[in-house]
Structures are given as structure tokens and as C-alpha cells.
Protein chains: 2
Amino acid sequence: MLNFDFHNPTRILFGENQIEHLAQLVPARARVLVLYGGGSIRANGTYDAVMAALDGRTIFEFGGIEPNPSYETLVEAIAVVKRENIDFLLAVGGGSVIDGTKFVAAGSLLDADPWTILEQRAKNVSAALPFGAVLTLPATGSEMNSGSVITKQATQEKFAFMSRLVFPQFAILDPTRTYTLPARQVGNGIVDAFVHIMEQYMTVPADAKVQDRFAEGLLQTLVEEGPRALAEPDNYAVRANLMWTATLALNGLIGAGVPQDWSTHMIGHELTALYGLDHAQTLALVLPAMLRERRDAKRAKLLQYAARVWGLRDGDEDARIEAAIARTEDFFRAVGVGTRFADYGLGKDVVPAVVAALEAHGMTNLGESGEVTLNVSRNVLERCT
Amino acid sequence: MLNFDFHNPTRILFGENQIEHLAQLVPARARVLVLYGGGSIRANGTYDAVMAALDGRTIFEFGGIEPNPSYETLVEAIAVVKRENIDFLLAVGGGSVIDGTKFVAAGSLLDADPWTILEQRAKNVSAALPFGAVLTLPATGSEMNSGSVITKQATQEKFAFMSRLVFPQFAILDPTRTYTLPARQVGNGIVDAFVHIMEQYMTVPADAKVQDRFAEGLLQTLVEEGPRALAEPDNYAVRANLMWTATLALNGLIGAGVPQDWSTHMIGHELTALYGLDHAQTLALVLPAMLRERRDAKRAKLLQYAARVWGLRDGDEDARIEAAIARTEDFFRAVGVGTRFADYGLGKDVVPAVVAALEAHGMTNLGESGEVTLNVSRNVLERCT
């Protein structure tokens, strides 16, 4: 096990009707900015439940935070915070809204262009507004971590920052609030959580038995519950297991003390920036190809994954590895997310474009060991056709 | 899954040489009281490492905190805190020292006899001194939770309290600091962690797939690494896995959203109070007997436990359950902890005495459903002979 520093102070209130507890969680005299996305929370009752629980506070609203939340949108929210002397933020939505709220929390207290937070990877962040989250889409894990990914539309740059100062104070996870999600968002969320786990698990052995088994337990749960969530949208137990799994997939616990990869994400970010694919679509494309390309480097963990997640324990080792990767692809497709360029109307011509973007962004030594060079990334992308 | 409220703000620094980070973790101007136990930390170098890292602070010491830490000892520490205007506590030791430090942290800021903290189950605790922990014995999980068990020697009462105010700010877990532990303490710690997990896992199904699999992963890790820790005391990977497992066994995570039992602990506390058995010895006695006595109520989870922890998936269900319980007993004995009264020189006469103590303390409806009455406890104790 590698040395590690684990700290996660976010409080989780999980279950039906937990939104009512906002009345105790948000300071009674707060001037609150409620941030949300495209407005689905108004249609499904979440907005009304939140506003009822916040009764008595001075409330402002900022809607319209988009998927892949943009600097351009969020600086408008920062302007509202400054103009209205907001002292508490409440994100109501999925990972994009929560990521955006983290940027607003830090950017509102910064005496500089907030884009410098991304450029300096939060080294210039010394304070942030307190905030909480009401999660409506299990996927990114942003509700219980200190990371945020922001896109600058003007330059098509998509960067991440992390800061201990932007852990949500609390996150409310009510599985019933996810019943009305479109199937595409549910499937994307499942793939997103799955690949988050894989980026922390599918590397090389590190004598970290607990982290491995926790990761495998989360993967098995996604495999079992993912297709059921699509077939039975209002099955509470299924939605609850998915929601808690997606949070634990990226709250720092399974990644503490183990090598991590994240090359699939880096390549995926370029596909989103260049072609507008959903984040999870890019992950479903790249991960199986990456595992096939790097099957030798990841051999020991691939065999463990085959055995413990997919029950593949007998027969030729290479056949077991290939079967485990094929099952992974089947699983992604079973939750509605395609695993080949053709599923998204793309062809081989994307390969040089993505490789050029990786080079331009310095993504030339990715993976747990830095051995995912541009050549390896090119091979991976060619396997996506 | 049941609704839950999970919050664990303790920061964990895990690995070799992490004690050096005390220099950053403890405020530079603090007046620090270092609390410890019987002095083994002086023999094994931990004391010197801690003092070196604290260089520059004003340091006071309080040694001699005993196993099953006592009110009588700890009020002396509280007197030191008040007399010397201590503003930071550092526990260096195992669960007893950390539990005791929690009591000192809360008791030092209380305008009343600190024993009232136990009597009022911490309802009268509104502040506590900040404190950290350097863990030397993986066992109780106290280093990353908000619970504490204190004994009043004068009355032989052993009570617990929990308060959000007594989470350690940080805990340092250096597996190399556990190499020199006596085998008895290692074995006890393994059993203690194992039974902590079982009290949160071995109840009735609650559609909590993540919690179940995390618990099973921790149990499997103890089964694999426990005997190895005794056979290879300075195997870093083994000690690291044990240490992280014991912490996660009782940090609130696997118990969030599921029914809990704790009847084995309640009966065990009486055995310790009456006969001076080590805490873990009482757990190794009671747990297998409890599982046999309540095999019908716990049937579904016992079958799951048999399959997933012990690989017992074939044949008659009752035979699988009995085999899983027998394997559990074998495991306890393999780490040196006896599972029958005779192993501790006790006989059948303890049964009525323990039942009387349970009755005197109101322990008449224990277990996940309250169905562990005095009659059930009597049957359990008779099975320990």
C-alpha cells in the first residue's frame, strides 16, 4: 500500500425526504444563491421541495448551468454573488452544477480573473464560500469530493482543479429524486461511475486489499443495478444502491494508497472538446480499447478483475482477460452507451485530431506509469473504430 | 437501504514516517498534552519520534491510561489540562488511550463532574478540546470515529458516549509502529475489528449492496491477513492491510443505512466487568454462540456470509451455516483468542451472574430487532461452555 492522506469532511444525508433537513443545514440568516441547470428540477418537484425547506432565508437563483459547465456562464453567477452579498451557495443538480458551484465558491472570493484558478490548479485559492449540494443525478461523485472540471468556451479548454476548500459542507442524496431522469443520463451516470472506479483500480497490484475489494464491490453493484435502473426507474432499492455507489466511486476512499491511471479520462476530454460527445460516451469508447492496448501492463489486475467482478476464473488467461473486457463493453451497451466511433457518427479521421489535441495539451505520458505516450493513445483510438 | 446521516471529518495520514507530519498538524504555539498508556511507546521509539516532530511546542505528558480506560485515571488528566492551560491533546496509543483522550477533550470544557458525560450520553457536551491521534494498535477504530467507552472503577460501570465534537482532527497510522506489539494484542485487535464488522453486517437483508460488500471485503482481508500478521510480524503489507481494515471497520461507513446488532458487545462488556477478560476475548466467546442461537433470525445473512466470506456455496443450507460459524471460531483460535469459557478458566456458574448483570443494566432487548431477551442471552451464554 502506498502512503496516503485521506480527508473527506462532507456530511451525507441519504434517503427519501432528506431535503427537509435543509432547514437545519443552511444558516437561518443566510443570503443563499441556489444554482441549478436546465430547469428539470422545476418539472420534477425538487425545486419546490428545496424552496420550502429554505423558507425564511433570503434566496437568489442562478439557473442555466450547462453540462460541461462553462467559465463564461459561471462568471455571471460570481457577479450575482458579489452584487447581492451572497454568503451561502446551494447546488441543486448533478455533477455539472456542483462542479460549477465549486468554481463560484472559490472564484467569488478571489481578487483576480477566476480562470486563473484553473490555470494555477487552485494554488491561488485561499478561501471559498460555504456551500451544500442536493444531488439529482448519480454520476460524477462531485457531491463528496473537492474536484471540479470547468470548460472555457472561448478557447475550448477543459481543465480541472482540486482544493480542500471546495468540499461541499453537506450533500443530500434522495434516490427518489432520480426516478424521472432520462435514460441517457442514467446510462451515462452508470458508465461515468464505473470508469471512475476503474481508473483507480485497474492499474498494477499494490498490496491494497481493502481498496481492491471496495472497488470490486462497487463495480459489481453497478453491473447488477445498472440495467435494472433503466428497466425499473422507480425501484427505490436499485436507485439507492446506484446513488451511493456513484458517490463512493470518487470520494477519495478507493483511490487512497493505490496507483491511479486516468488516461481514459484525459483522452475522453479531448473527444468531448472536439466533437461534443457526452463525457460518459467518451469513457465507454476509450476504456475497453485502453484495456486491450495495455493488457500486458495491467495483466495481473485484469485477471483479478475477470475473476472477482465477472466470475471468470477458469481457462486460458488471455481468454479470460478478453472475456472480461468484452463483458465490460456489453455492460456499457446494456445501459445504452455505445463503445465504437460509429455509434456516434465518427470515423477514423478523429484519430489524428485527438492525438494532436493531446500533444497540444501536454498529455504525452499518461497512465499509472506514464507509459501512455502519444503512440499508445493513437493505438487506443484506432481500436475504437 | 435505510436513511442515514454519515459524516466523518477525521483526516487520516497513513504510512511509514507519517509521524513527522505532526510538525504541520499540531499548531506551532499549542500547549500540548501527550496522553499514552503503559509506556510501550517509550520502548519502541514511537515516543521519541512524536517528541521530535512536536519540537517547539510546550509539551506536557500524561501516561498510565489503562486498558478499559477509567474515569478515575482520566479525571487526573483533566486536572492537568486545567492547571496547565492545555489547548491541544495528542493521544499516542491504541483504542483505550484514544477513548480516554476523547473523554478528557470533552470533560476539560465541562462545568460539571465529567462522569455526567457518560450518564447523559454526551447530551451535555457542547465543546471539546481539539485533538489528534497516533495509532499504535489496530483494533477499535476509535482513531476515526466519535465514540468512547469509559469505565468507572468505583462502581464497575462501563458506559459509552458518542459526540460529533470528539472526532479526532487527524489520525496517523504508521503500520511499522505495530511490528513490536505482543501477539495477544495483535490477536485481540483482529477479533475486535472482525466483530465490529459483524455487528453491523450480520443482521437482516436491507438492500444495501455496497455496505454488504464493503463489510465482506473487510472480513475477507482479516481472515487472510490476521494469521499472517502473527507469523510475519514485520511484513509491512500485511500490517498495513490490517491497520486500514480495523479503522474502516468502525468509522461509520459500513454501518450507514443498515440495521445493527451490538448484542455480542453488550454481553461481552458484562464479562469484562465481572471477570476481567480482555474485550476481544469476550467477543470471541459470545459471537459464535450468538450466531448459533439466532441462526433462524439471521438466516439470509448467514448464508450470504457463508458464500461470500468463506466460499461455502454448495450443499445443505444448515450445514453451510454451521460450517461458516465453525470457520469463524477456527479463525478466532488461529489468531490466539479462545472461544469457550474453559479457555479462560470459567465455568457454567458465570451464566446466571452475567444474566443478572444484563438485567441490572437494562440490557433486556438487544439485537437488531430487540429480540435478544434475557432468556436468549442465557441460551447464548450456555452455548459458550
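**View 1. Surroundings of Leu35(B) in the predicted model.** Leaving aside residues up to four places away in sequence, Leu35(B) touches Phe62(B), Ile65(B), Ala77(B), Leu89(B), Ala91(B), Val97(B), Gly100(B), Thr101(B) and Val104(B). The largest nonpolar core has 249 residues, and those touching the most other members are Leu35(A), Leu89(A), Leu35(B) and Leu89(B). In soluble globular proteins, nonpolar side chains tend to be buried together.

**View 2. The contact between chain A and chain B.** Chain A supplies 30 residues to this contact, and chain B supplies 30 residues. On the side of chain A that touches chain B, two or more residues come from each of strand S1 (4-6), strand S2 (11-14), helix H8 (209-231) and helix H9 (236-249) of chain A. H8(A) gives the most to this side, namely eight residues. By class, the residues on this side of chain A are 14 nonpolar, ten polar and six charged.

**View 3. Strand pairing between S2(A) and S1(B).** S2(A) pairs with strand S1 (residues 4-6) of chain B in the antiparallel sense, over three bridges. Leu13(A) has Asp5(B) as its bridge partner in S1(B).

**View 4. The rotation axis relating chain A to chain B.** Pro9(A) is the residue of chain A that comes closest to the rotation axis, with its C-alpha at 2.1 Å.

Definitions and conventions. Residues are numbered from 1 along each chain as its sequence is written. Chains are lettered from A and ligands numbered from 1 in the order in which they are written. This is a predicted model: local features need pLDDT of at least 70, side-chain atom pairs count only at pLDDT 80 or more; totals for chains, interfaces and linings use all residues. A nonpolar core is a set of buried Ala, Val, Leu, Ile, Met, Phe, Trp, Tyr and Cys residues joined through C-beta atoms within 7 Å. A residue is buried if 20 or more other C-beta atoms lie within 10 Å of its own, exposed if 12 or fewer, and partly exposed in between; C-beta atoms are placed from the backbone. Two residues are in contact if their C-beta atoms, placed from the backbone, lie within 7 Å. Helices (H or I, at least four residues) and strands (E, at least two) are DSSP runs, numbered from the N terminus. Ala, Val, Leu, Ile, Met, Phe, Trp, Tyr, Cys and Pro count as nonpolar, Asp, Glu, Lys and Arg as charged, and the others, Gly among them, as polar. Two strands pair if DSSP finds at least two bridges between them. Copies are superposed by least squares on the C-alpha atoms of residues with pLDDT of at least 70 in both.
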